[in-house]
Amino acid sequence: MAYVITQACCNDASCVDVCPVNCIHPTPDEPEFATTEMLYIDPQTCIDCGACVDECPVDAIFGDNELSEAHAVYADINAAYFEKHPIGDDWPELPEPRHLPADLGTLRVAIVGSGPSACYAALELTSHPRVEVDMFDRLPTPYGLVRAGVAPDHGGTKAVTDVFRSALSKRSVQCHFNVEVGKHIDHDELLAHHHAVIYAVGAASDRRLGVPGEDLPGSHAATEFVAWYNGHPDYADRTFDLSGERAVVIGNGNVALDVARALVLDPDELAKTDMAEHAVEALRHSNIREVVLVGRRGPAQAAYTNPELIALGQLADVDIVVDPDEVVLDSVSRAWIDGPDSEPSEKLKVRQVEEFAKRTTTDGRKRIVLRYLASPEEIIGTDRVEGVRLVHNELVADDSGKLVARATDRTDTVDTGLVLRSIGYKGLPVAGIPFDERRGVVPNENGRVIDPDTGAPVPGVYVAGWIKRGPTGVIGTNKHCSAATVDMLLADFAGGALAQPDGDREKLTALVGERQPDTVDFQGWQRIDKHERALGAESGRARTKLVDLRAMLDVARTDES
């Protein structure tokens, strides 16, 4: 028997670290790791020890004789990766762990943010002795997009919060939730109380289409819709017009698929998840019967991952519709997909979409329509959205051989009252530190923030996660991104490059308490967590989220032990 990695893989590579025969790839030191959809186990090398199963934080690894029908395809997916990337004879050379000399004293670090990159940074820092971490988040609840972004029907993925909880619960970590940096405490004050500050604030904004009609009522960012159905308090009072029978999603990444599923799944099934109650109730009264996903390039270049595409095709009572003409590859595309440089994952995307195109539809079912080689030219409407005019594209090879979409003179219009753009996240500036407006990131080298005018590091200031590298990768990608940043920080501390803070932890706590009396610490978050789980248990759910800030704060102050 060999073990197989399946859909829930979060790419944090904990399994790589414990594998005794180096059969799990790509590893974080391999170039493919930055863009891989998931990790894979070589069935020819696996020795059936099971160490990876015990280590996986999201229960994504199974024996090949234990795979469910839905996961059976992953045995071939794992094996196919190693046909393209066979394991070599040489083991990767692991870096020597960095040790901090005891005579340096206690290292104090502030982390702004509490999502995956922030929590992984805290775990990495506190794996060393004599390190104290203060974590800040403007919400009373931690975990960032794991709480407010991961699809409600992906409960297994959210299990990674058990790892994050182990970071926040350490005695060397102090949580300051419901505290906004820039409002209750500023950048200079953080540096005055710490040797260093790590900004792990993610990418809080979204990219715009830049087409006429984008701001009409009925046109929204998919990120708003996701935050709304996930119970983010900033978005709980939003409304979306679900009175029409068709919605159009611009983009075909994983978030676009999440949105499409939310719009067509049975609300009774969604009610079993941690989807916000207001969203479940709104979807019970939705008239949406069809969701059209629009991608500007072809099936092989689509931004979604194969695991999400495969799961889409397994939805009960939902038709996945593809026009057969849209998956007939032209000679340029066929030569590329059949060529030596294409990845197994790209070939699989094409095969899966070709299979969708052969399916027949069933009367009365809701449907998700996958459209390719089309881009929005205009969102049409007078007082609100009435449709989307799409321009048809063709794929051409650029000077480097990469396939890019080029507009043709053919257009068509799709009638709809709801448009959700899902073309990517974008970082926002952080007060007091440099920012690259074009890329939407803080300029840095391996996590050290760089002054763009001088090219020199800004002393004591670091970044991790999406604000460091842009919105790429999945949850576990942040583990190694954050570890690289922490390694830079530790090297600077050991090398005497970080200034000694003037204030200590007690002075910081007093300052924060004075500025924000409603600070929520780890124990306060535990009370919120316990309360939400208890509410959920009453109706058979994992949790029922609180979406009102005042209600959260009231629970955080109540001793429910």
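Contact here means heavy atoms within 4.5 Å, and helices (H or I, at least four residues) and strands (E, at least two) are DSSP runs, numbered from the N terminus. This is a predicted model, in which local features need pLDDT of at least 70 and side-chain atom pairs count only at pLDDT 80 or more, while totals for chains, interfaces and linings use all residues. Residues are numbered from 1 along each chain as its sequence is written, and side-chain values use heavy atoms, with hydrogens and water left out.

**View 1. Helix α4 meets helix α16.** Let's start with Pro116, Ser117, Tyr120, Ala121, Glu124 and Leu125 of α4, which meet Asn478, Lys479, Ser482, Ala483, Val486 and Leu490 of α16. The two axes come within 8 Å and cross at roughly 50 degrees; axes are lines fitted to C-alpha atoms, for helices over the stretch in contact, and angles run from 0 to 180 degrees between N-to-C directions. That makes α4 oblique to α16, since angles under 35 degrees count as roughly parallel, over 145 as roughly antiparallel, 65 to 115 as roughly perpendicular and the rest as oblique.

**View 2. Helix α4 meets helix α6.** Here α4 packs against α6 (residues 161-168) at an angle of about 50 degrees, and their axes are 9 Å apart. This crossing is left-handed. On the α4 side are Pro116, Cys119, Tyr120, Ala122 and Leu123, which meet Val163, Phe164, Ser166, Ala167 and Leu168 of α6.

**View 3. Helix α4 and its surroundings.** Nine of the 10 residues of α4 are buried (under 20% relative accessible area, with exposed over 50% and partly exposed in between, using a 1.4 Å probe and protein chains only). These buried residues pack against β5, β6, α5 (144-148), α6, β8 and α16.

**View 4. The largest nonpolar core.** A nonpolar core is a set of buried Ala, Val, Leu, Ile, Met, Phe, Trp, Tyr and Cys residues joined through side-chain atoms within 4.5 Å. The largest one has 75 residues, and those with the most contacts inside it are Ile24, Leu39, Ile41, Leu107, Ile111, Leu125 and Ile198. Helix α4 (residues 116-125) gives the largest share of this core, seven residues. A second, separate core has 42 residues, including Ala222, Phe225, Val280 and Tyr304.

**View 5. An open sheet of seven strands.** Follow the strands in the order β7-β6-β5-β8-β22-β21-β20, where the pairing is mixed; two strands pair if DSSP finds at least two bridges between them. At the edges stand β7 (173-177) and β20 (444-445), each with a single partner strand, so one side of each is left without a neighbour in the sheet. Strands β5 (residues 107-112) and β6 (residues 131-137) pair in the parallel sense over six bridges, and Leu107 stands opposite Val131 in β6. Helix α16 (residues 477-494) lies across β5, β8 (196-199), β21 (448-450) and β22 (457-463).

**View 6. Strand β16 and its two partners.** Eight of the 11 residues of β16 (residues 387-397) are buried, so this strand is largely enclosed by the rest of the structure. Strand β15 (residues 374-380) pairs with β16 in the antiparallel sense over six bridges, and Pro376 has Leu390 as its bridge partner. β17 (residues 403-415) also pairs with β16 in the antiparallel sense, over 10 bridges, and there Asn393 stands opposite Ala407. The hairpin of β16 and β17 has five residues between the strands, and in this hairpin Gly401 takes a positive phi near 90 degrees.

Methods. Left-handed = near helix turned anticlockwise from the far one by under 90°.
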